[in-house]
Amino acid sequence: MISLLYLLLCGWTAARMARQFGAERRLVATAVFFGACILPFHLLGVFELSTGVRAATTVNAALLLLAAAPLLRCMPSAPPSLALPPRHWGWLPRLTLAVFGLAALMLAFGRPRGYEVTAYHLPVSVHLLQTASLMAWDGNFPHTFPANASLLWAVLLDGLPERIVATANLALLVPLVLAVQALCRLANADRKASLTACCGMLGVPMFAFSAVELGADIGGIAFVALAMYFVLSPLRPTVAMTLAGLCMGLALGFKSLHLISALAIGCVACARGSESGATDGCRGPLRAGDLQARLWNAAVFGGAALLAGGFWMLRNAVVLGNPLHPVGVPLVGGLLGWLPAADFNASLRGTTELEWVDHAWQWLVYPWTEPQRYGQNFKHSSGLGAFVAAAIPGTALALGAAVLRDGMQAHRVRLALLGAVLFIVATWWLLGDRQPRYVLAALPLAMPLLAWAVTQAAGRWRRVFDTGLALGIVAMLGVFLSRQAVGFGDRIVLSKQVSRASFYEYPALVDSLPAGAAILNLADRSWHYPLAGAALSNRVVSMPEGRRMLGLPPSLTAPRAVRLLAAPLQAAGVTHVFAAGTKLSHDTCMQLDEAARLDRNPGTGAPLGGARVLYAVRYLCR
Amino acid sequence: MSHIPAALVSKVPAGLSACSMAVYFCCSEGIRNHLAMLWQAVQAVAGHLR
């Protein structure tokens, strides 16, 4: 209940703040709403860092917001922009909405899913709910990533059924679409082309499949797009940069990878100078004081971004000695002691691209070929789809020809977007960890360019453009919906995996362990969240932490064989051990009693790859 | 630079886009594997109903 009240309070805060604005009211409200959801927790985190008192609860966050309420009541109100008469959306947006509505419905029959989601995003949420602490609770490096997504899911899990929370990432598509539509407007695209671009973006497999998992990608990218909008918006520079910085900070809190986007958008902020709004057209020579205005823009943007996203870096700097933990900082890292985490194997980065391509040059044709080593061509981290393949050459040609024809000044907004897109893609290439989803933030910034290119076509050629793109969108929405339908039919309709235990395929006893139960997970990391149980009350010791406790070399892979030692397990308060195929032995100071076992698929009776066994631990020595 | 033909901005991109999509549907492993997965699913459902 407190979660719903908290969300209402955030909504009220957003409405109050946004009423000072005219045309940008909706976007400001969106940015402030998520800021109000997340930033009070950051303040509570800073309080914990400085005092050691764990206080990161929804109630305390709500109290902080309430404390700010008197300030909000004094805020002036601007007249709302003229309301436009309701206009016909067209069939494509309706179809897109129907597809995502159906996907949400199917999702609500299951539980949250996704490898990284169950391995660390949701475990961080559960840890926050259990301990009211925002500190990284063990040395497992994925637990030290910025965790705005986990914060949001924790607030929701606190008050909503897990099934509903499973659909929550779809809601983050709303700020993403609003931002892209607004960017399309700034790029002088017409309404129909803007809607086509938004629908096409949602149909991109990496977006669609990310949205049905509770990861951090969609949120981060949505706030990158919003930040870019505010930088280019017609608002006064200081207001625009503050809002852009807020969004950039929120994006960094979802994924520190967006430091790259922050640099790109920061450059655009500097380029904007002192004029109100970035509109296309002629511009005079550099004015006196312009440099000062540009530096001011950069300072406000960077300062707001640090305030809104700096908590996670501050925490990692104070607790782990490196603000960018687990990644080492190039050049100055050695001097400042900001080195990679011991269990973070950066040498693997160079080979991650082999999941998609055999040679680096094949990325040039990836949008048309979409190879994936294991046949998982369309998932949260694979696949750009027909729409992107169709969009790239047409947009590049139209923009290139128009810039050559009209000169750069006439295309300033579009070139700013193109510059940011190229910067993100080039940095992705240079950093070497070439996973397609790491470049995804460039896509919403490229969509306005496509929408503008479509707007330039007229008559028969416009129909060709519209029809071709619509075909691509329908095909990719079909891919997404059919994949969801197959999964739903398989797991929910045929296998009837409706209970939590059957959905995640663990022994049902996990859901009824006594209060204070602590399970040592010796199976794959993705078992971490399921093992928290239906009430999210079990404490789970992560597999990498288990490896450390038992003196095994650090790795994110589950051990094949383990000798359990009573002393470290007893010290950690472990009451149960969970294993799935790991051979276990133990010292004489403990005894393992098999409490529950699942070795066959409950629906089909087929044997599982490795028996999932829950052992109760008895300690025999003092 | 007014010698750039207007068609390069207003006409050719639409055609290029259509061609690019055709190339995609011919070359995409993703589409091929997805159709294969759907066919397997249809066969599995048919087997289940029999």
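Student: Is Val59(A) buried, exposed or partly exposed?
Tutor: This is a predicted model, so keep in mind that we're reading computed geometry. Val59(A) sits in helix H3 of chain A, residues 58-73. A residue is buried with 20 or more other C-beta atoms within 10 Å of its own, and exposed with 12 or fewer. Val59(A) has 13 C-beta neighbours inside 10 Å, so it counts as partly exposed.

Student: How far apart in space are Val59(A) and Tyr6(A), C-alpha to C-alpha?
Tutor: Along the sequence, 53 residues separate Val59(A) and Tyr6(A). In space, their C-alpha to C-alpha distance is 7.9 Å.

Student: Are H11(A) and H13(A) roughly parallel or roughly antiparallel?
Tutor: Take H11 (residues 217-232) and H13 (residues 259-272) of chain A: their axes are 10 Å apart and the packing angle is about 5°. Angles under 35 degrees count as roughly parallel. That makes the pair H11(A) and H13(A) roughly parallel.

Student: Which residues of H13(A) does H11(A) meet?
Tutor: By class, this contact has seven nonpolar, one polar and one charged residues. From H11(A) come Val224(A), Ala227(A), Met228(A) and Val231(A). On the H13(A) side they meet Ser261(A), Ile265(A), Val268(A), Ala269(A) and Arg272(A).

Student: Which element gives the most to the side of chain A that touches chain B?
Tutor: The contact takes 37 residues from chain A and 28 from chain B. On the chain A side, the elements giving two or more residues are H16 (366-369), H17 (385-406), H19 (442-456) and H20 (459-494). The biggest giver, with 14 residues, is H17(A).

Student: Which helix gives the largest share of the side of domain 1 of chain A that touches domain 2 of chain A?
Tutor: Chain A is divided into domain 1 (91-279 + 290-481) and domain 2 (500-619), and their C-alpha centres lie 36 Å apart. Contact involves 16 residues of domain 1 and 17 residues of domain 2. The largest share of the domain 1 side is eight residues, and it comes from residues 115-131, helix H5 of chain A.

Student: Which strands stand at the edges of the five-stranded sheet in chain A?
Tutor: The sheet is open, its pairing is mixed, and the order is S2-S1-S4-S7-S6. An edge strand has a single partner, so one side of it is left without a neighbour in the sheet. Here that applies to S2 (539-541) and S6 (590-600) of chain A.

Student: Do S1(A) and S2(A) run parallel or antiparallel?
Tutor: Strand S1 of chain A covers residues 518-521, and three bridges join it to S2(A). Ala518(A), for instance, stands opposite Arg539(A) in S2(A). The two strands run parallel.

Student: What is the bridge partner of Phe578(A) in S7(A)?
Tutor: S4 (residues 576-580) and S7 (residues 607-619) of chain A run antiparallel and are joined by five bridges. In S7(A), the partner of Phe578(A) is Leu614(A).

Student: Which residue in the hairpin of S6(A) and S7(A) takes a positive phi?
Tutor: S6(A) and S7(A) pair in the antiparallel sense over nine bridges, with Arg600(A) opposite Pro607(A) in S7(A). The hairpin has six residues between the strands. The phi in question is near 80°, and it belongs to Gly605(A).

Conventions:
Residues numbered from 1 in each chain as written. Chains lettered and ligands numbered in written order. Predicted model: local features only at pLDDT ≥ 70, side-chain atom pairs only at ≥ 80, totals over all residues. Axes fitted to C-alpha atoms, helices over the stretch in contact; angles between N-to-C directions. Helix = DSSP H or I, 4+ residues; strand = E, 2+ residues; numbered from the N terminus. Parallel < 35°, antiparallel > 145°, perpendicular 65-115°, else oblique. Contact = placed C-beta atoms within 7 Å. Nonpolar A, V, L, I, M, F, W, Y, C, P; charged D, E, K, R; others polar. Domains from an automatic or database assignment. Pairing = 2+ DSSP bridges.
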